[in-house]
Amino acid sequence: MTLQIAADIDGLATSRALAKAGTWLAGVFLAATVVISGLFIPVTGHSEIVYGLAGLVIVGLGVVAALHTASFGRALLYTLIACAGLYGFALVSAGVSVQVPGPTPASDYVLLSMPEFAVLVVGISARSLGKSIALGTLAFFAGPGLVQLAAWQQGMPLAVDVPVLCSYLALVLFVTALWFGRRDAARGTALMSGAALAEERDVALERFSTRASSWLHDTVLHDLNALAMAEPGPLTLAHTQALDRDLANLADVRLILDEPGRSGSATRELATVPALLAVVRAAEQSGLRIRVGGDVAAVNDLAPAVVTALERALDECLDNVLQHSGVREAEISVMSSPPGLSVMVSDSGSGFDVDAITDQAVGLRVDVVDRIVEIGGSVQIWARPGAGTAVFITVPEASS
Amino acid sequence: MRVGRRSRRHVRLPSGVTALELDPLAAISARGFLVVVAGVSIACAIGLTIATASQVSSWPLAIAALVSLAVGFGWFIRSAFRFDLGVTNDRFAISFAVIAIAAVLNSLSCLGTNAFVRDDWGLITLGLVLMAAAPFRTSAELGTYTAVSTVLATMLALLHTFMSATADVPRLVVVLVAVAPPLAFGLGAMAYARQLLRGIYSERLRQAEEREQQLDELRRTFVDDDVVGEIGSLRAEIVPFLARVRGQGVLTVDDRVRAGVLAQNLQTAISESRRLDSLGDHVGELIDESDLAPRLHEDDRATLRALLIALNASEHARPDDITLELIEGESSRFGVVRCASADVRALRADVLPFIRMTRLMFRRAEEQSAGTVLLVQFDIDRLG
């Protein structure tokens, strides 16, 4: 679409992002539990804790699989597997806890709570609110529920794990808020997409129509007028050639619609390169018309620091065009030439004497050259009074 | 520009860009999520403070912690609902700092009497605020905040191991229990932000290719529908005339006259070719004395069109009450969208994402409510 609005209309990107987030969240809680449990092996002398750790590994695998599967049925199965692993861990952990001398912890013991948190996230990436809550609820009853069973089996004092209960309720609220918000956003996005597509269609048809009208004006209309003013008699060679050209083009109007260099605005061509898009949009808003060409996508491969320096340098170059060149058009060409990337900003304006100490020369030297040299690049400036200006910037590519 | 296969296989995410910058409308869901997270955090803090009242050694600090938490989330929510730049890194840094202060105050409020570090709500809310910030900020920035949270949690946990009655629990265990929530939520937030950006950016690349295909299809439709041939009497009269004259190789007096008539007809038809002015379809009144609408930049026109469609779609607006005025002065160009409504606040809430989009596309755009009218004014800096 014209506006370059990328949106997660069907929620797929959000779902995958939530799966990643859930994986890390569960991973940290499980890792912390593994480390703490591992510490207790030498302290308590109970080597069977290792079996409990195996249970935690099953929990982790089950949770990650449930988060990433697209099938609701499989997600249910993986959730149950994760809960089974949690039950195994709880059996061992509670068994050791009641045998260790000293006060016996209750079933809301933090070592049992942390893997319970991990299990609760299984539903967050499901593709519908109902499935999400169903998975979370299954995890809540089968996870902490089985932990309570294991604690009871091992003779551990039972206690309601309030933080886990609150976490379940909070997760339900979070997921619900996210889903309702996403639904509203999707509605708005559909509206914006429709508007942008309609605009795109109108603009394209307008261009084709304008192009066709312009061609007719310059050729057929011109030739008809020429015939109207010509002397009667045999057609001249020029008339014959003109008529042949008109008839040929009218037989295949695709030739008329092809207009080099006018396939879209600079903004639209830069859809895939946010860094350059911002520069070009700012320049366009200042009144410049920018043509962009070359291997533009290669800019995305640059390191962040290089991109920032390049953006600022280009800003300065375009500002110079606006302030000093006397023209309102500039061109940006991107050329990938490993190990560097070259970007040339040129205009056909008034130019200047590179060696002279003018504001323009000093500005380019300080704001462009120094900035680019700092990141390991180089700048060449070609300019002559009355013959335009070209600034050739070379920056290192990420791998170099 | 077509996206090369190399670029599709190795999508390098643009640096310093947030998911919301690529998909501003996702702010709707991000704001809703933030409000719920804030509510849950504050409820959790109040609940835990009451439930663990026996561990509180300083009630002034405990209350100050709660107030600080509310202020931190309040600032965050205010930033998220602001019309201008939204949640910038600076604004989020303020929220995070205030919530971090709340965490410290919460911890200090039970210094010496803290039985279980896991009951400290400050450590959980530090993680929750990072989760809520995931759509608003970049993965790298969230990484920094996660590191700060982890260090803070470690320091507070160590402080308690020295000052409170947790001496029988190994120090490393106490630290791990304290660090786990902020670290888990922080890493989760980083992964969420990065993966969401990747998904949306990939969608953007896909759309760019689709746009090129749509342009080709439109071009083909234009040709197939013989729109060129339909201009004036081209196909019906001019082409046969040109073909006949070319075939006979001689121009007669009648042909000269006929050529003159056809030229005049064609001239009229070309002049009457419809110019782009579809913005008027979405408003009750379009005031455009300088004929600016067809000359607007296509992105700006699409933005305005979306805003007007959103206004039309709102139950709080009447289509006849929507006015678009485009004005070109000697040194400036600007436009105003006016929409009368019995409930301007509700109307504004309905179209706020689109007003934000206007702010993104135009260098200067402002909105205000004047009585029963919602006004959106914007500068026009570029023409198509």
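Author: With that, residues 172-193 of chain B are 100% helix and 0% strand, and their end C-alpha atoms lie 30 Å apart. This is a predicted model, where local features need pLDDT of at least 70, side-chain atom pairs count only at pLDDT 80 or more, and totals for chains, interfaces and linings use all residues. Residues are numbered from 1 along each chain as its sequence is written, chains are lettered from A and ligands numbered from 1 in the order in which they are written, and side-chain values use heavy atoms, leaving out hydrogens and water.

Reader: Which residues of chain B does UniProt annotate as "transmembrane region"?

Author: The unreviewed UniProt entry gives that label to 32-53, 59-81, 93-115, 145-166 and 172-193 of chain B. UniProt positions are given in the numbering used here, feature names are shortened, and annotations may be inferred rather than shown by experiment.

Reader: What is the helix content of residues 32-53 of chain B?

Author: That span is 91% helix and 0% strand, with 31 Å between its end C-alpha atoms.

Reader: New topic. How many cavities of 30 Å³ or more are there?

Author: The search of the whole structure gives 5. On a 1 Å grid over the protein atoms alone, a cavity is a set of points where a 1.4 Å probe fits but cannot get out, and lining residues have an atom within 4 Å of a point. Grid points are joined across faces, edges and corners, and a volume is the space filled by probe spheres set on the points.

Reader: How much space lies in the largest cavity, and which residues are closest to its centre?

Author: The largest cavity holds about 110 Å³. It has 14 lining residues, and Thr52(B), Val56(B), Asn106(B), Ser109(B) and Cys110(B) are the closest to the centre. Helix H3 (27-51) and helix H4 (59-81) of chain B each give at least two residues to this lining.

Reader: And what classes of residue line the largest cavity?

Author: There are 6 nonpolar, 6 polar and 2 charged residues. Here Ala, Val, Leu, Ile, Met, Phe, Trp, Tyr, Cys and Pro count as nonpolar, Asp, Glu, Lys and Arg as charged, and the others, Gly among them, as polar.

Reader: What about the volume of the second largest cavity?

Author: Its volume is about 90 Å³. Its lining residues include Leu120(A), Tyr168(A) and Val175(A). Helix H5 (129-153) and helix H6 (162-229) of chain A are the elements giving two or more residues to that lining, which has 7 nonpolar, 4 polar and no charged residues.

Reader: Now charges. How many salt bridges are there over all chains?

Author: The whole structure has 10, a salt bridge being a side-chain nitrogen of Lys or Arg within 4 Å of a carboxyl oxygen of Asp or Glu. In one of them, Glu141(B) and Arg137(B) meet at 2.7 Å, N to O.

Reader: Are Glu141(B) and Arg137(B) buried or exposed?

Author: Both are buried; buried means under 20% relative accessible area, exposed over 50%, partly exposed in between (1.4 Å probe, protein chains only).

Reader: Where do Arg348(B) and Glu367(B) lie?

Author: Their side chains form a salt bridge (3.0 Å, N to O). Arg348(B) is in helix H12 (residues 344-361) and Glu367(B) in strand S5 (residues 365-370) of chain B, so the pair ties together parts 19 residues apart in sequence. Arg348(B) is partly exposed at 26% relative accessible area, while Glu367(B) counts as buried at 18%.

Technical notes
1 Å grid on protein atoms, 1.4 Å probe; cavity = no way out; pocket = protein on both sides within 12 Å on 5 of 7 lines; lining within 4 Å. Helix = DSSP H or I, 4+ residues; strand = E, 2+ residues; numbered from the N terminus.
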